[in-house]
Amino acid sequence: MHPLWVVLLLMSSASLETYANNIEECSIKKDASHARYDHTRIYNVEFATAAHVELFQALEAQSDSLSFIGHARVPGQKLSIMVSGQKVADFDNLLHSYNVSHRILNYNFQKLIDASYCEVAPLTTPVEQFDWKRFFQLENIYAWLEKLASKHPNVVTLLDMGTSTEGLPIKGVRISFGGDNLTSVFLESGIHAREWIAPATATYIIDQLLHSNDAQVQTMARSHNWLIFPTVNPDGYRYSFTHDRMWRKNRALFGICRGVDLNRNYPFAWNTTGASGNPCHYDFSGPTAGSELETQRLMKFLEQRVHTDRIRTYLALHSYSQLIMFPYGHTAERVHNYADLKDIGQLAAARIKAYSGRDYKSGSIYETIYPSSGGSKDWAHAQLQMPITYTFELRGPPDSEDLFILPANEIEPTASEAFQAIQTIIEEAGKRGYYK
Ligand SMILES: [Zn+2]
């Protein structure tokens, strides 16, 4: 054989080996029971007419092979839709038959998922190596919370709301530097399992509150007590690593399908709009209001603590769309402190713009993203009278090509800009007298 061929052969086998090694290095191994999204495409469509809206409403009701990220509602609206491989031809044909303008954001969603699973820290990662350069599984997050409690026994208390449907604990921390009669900030994240950036941001915030050298952050950390639960849907979060990267709901079983959308399950305006009564749908509101264990745990925790801990602020972290939203979700009717929430939300968005250049919009849930009912923060604002109530939709932008699959190198920028916005919310709410 010519020596050049030998060299070329060696080179190609070396690069193949490197590729195989990289796959081996992924801590989430490909498994026969993992959901696959090979050749699943992401379309972003824009409805020009009421007829387009009706067409897509009918399509969503009819097809199992299309996953809508939101519902078709109004002309002018844009919507992202996942289309599985065997439906691509029909779907593409439909768009052209009805002249629906569209963009294809992704041609093979599995590639993104493979890359995402390679950015997960191995379960065996020592707790000292917890960071914001990779995504962490539930066990690692809980081990880190436990370490904080033992390292800062006078400041950090480990909390446990109780068990989930599948018997996992719902753990969080209380951070309190002392001081009499402080008000508390409550933060929940991970209610939607696939939104991995949310728990990563929650742990970043915990770390900043405890370890930041910034004098302003230290002052804020000490002027409130903090109740932070990074993963309020532990079963779903675990399932998104072990079986399906796109899982959203909890794991309760209802006949042939599993899962309640926990952020549609709260007993306030329950199941009135933007929620489904079908357990096979991604936004199933549950058989009854507050039916789910995870919902009940969180409600009980807050009901018991709202007065004793003087909880005045409720923050929820989600992705994606870059929004800072406040109640209500089910109606255009305005909450009593709409003007303050709108002002503060816009200031928080402006802080992010100045900090990172990212565009976030602020407004009520109903007017910014889409109507929905049974959400946790609407319940907290209306039933528990927590006045400062915001839901973040973190990165990426509304027409994101990655949907919920944010690359790990965006964890720190996303978390730090959200933390900037939270500082503005707390400062501005303080100025307006909400923490007296
Ligand atoms: Zn969400």
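The model is predicted.

**Stop 1: H13 and H6**

Select residues 411-431, helix H13, and color them. An angle under 35 degrees would count as roughly parallel, and 65 to 115 as roughly perpendicular. H6 is therefore oblique to H13. The crossing is right-handed.

Now show side chains. On H6, pick Ile197, Ala200, Thr201, Tyr204, Ile205 and Gln208. They meet Ile411, Thr414, Ala415, Ala418 and Phe419 on H13. What classes of residue make up the contact of H6 with H13? Eight are nonpolar, three are polar and none is charged.

**Stop 2: H13 and H10**

Select residues 338-356, helix H10. Its axis and that of H13 come within 8 Å. The crossing angle is roughly 140°. Roughly antiparallel needs over 145 degrees, so H10 counts as oblique to H13. Here too, look at the handedness: H10 passes H13 in a right-handed crossing.

Bring up the side chains on H10: Ile344, Leu347, Ala348, Arg351, Ile352, Tyr355 and Ser356. Their partners on H13 are Pro413, Glu417, Gln420, Ala421, Thr424, Ile425, Glu428 and Ala429. Color this contact by class. Nine residues are nonpolar, three are polar and three are charged. Arg351 sits on the H10 side, while Glu417 and Glu428 are on H13.

**Last view**

Ala418 of H13 belongs to the contact with H6, and Ala421 of H13 to the contact with H10.

Notes: Residues are numbered from 1 along each chain as its sequence is written. This is a predicted model: local features need pLDDT of at least 70, side-chain atom pairs count only at pLDDT 80 or more; totals for chains, interfaces and linings use all residues. Axes are lines fitted to C-alpha atoms, for helices over the stretch in contact, and angles run from 0 to 180 degrees between N-to-C directions. Helices (H or I, at least four residues) and strands (E, at least two) are DSSP runs, numbered from the N terminus. A crossing is left-handed if the near helix is turned anticlockwise from the far one by less than a right angle, and right-handed if clockwise. Two residues are in contact if their C-beta atoms, placed from the backbone, lie within 7 Å. Ala, Val, Leu, Ile, Met, Phe, Trp, Tyr, Cys and Pro count as nonpolar, Asp, Glu, Lys and Arg as charged, and the others, Gly among them, as polar.
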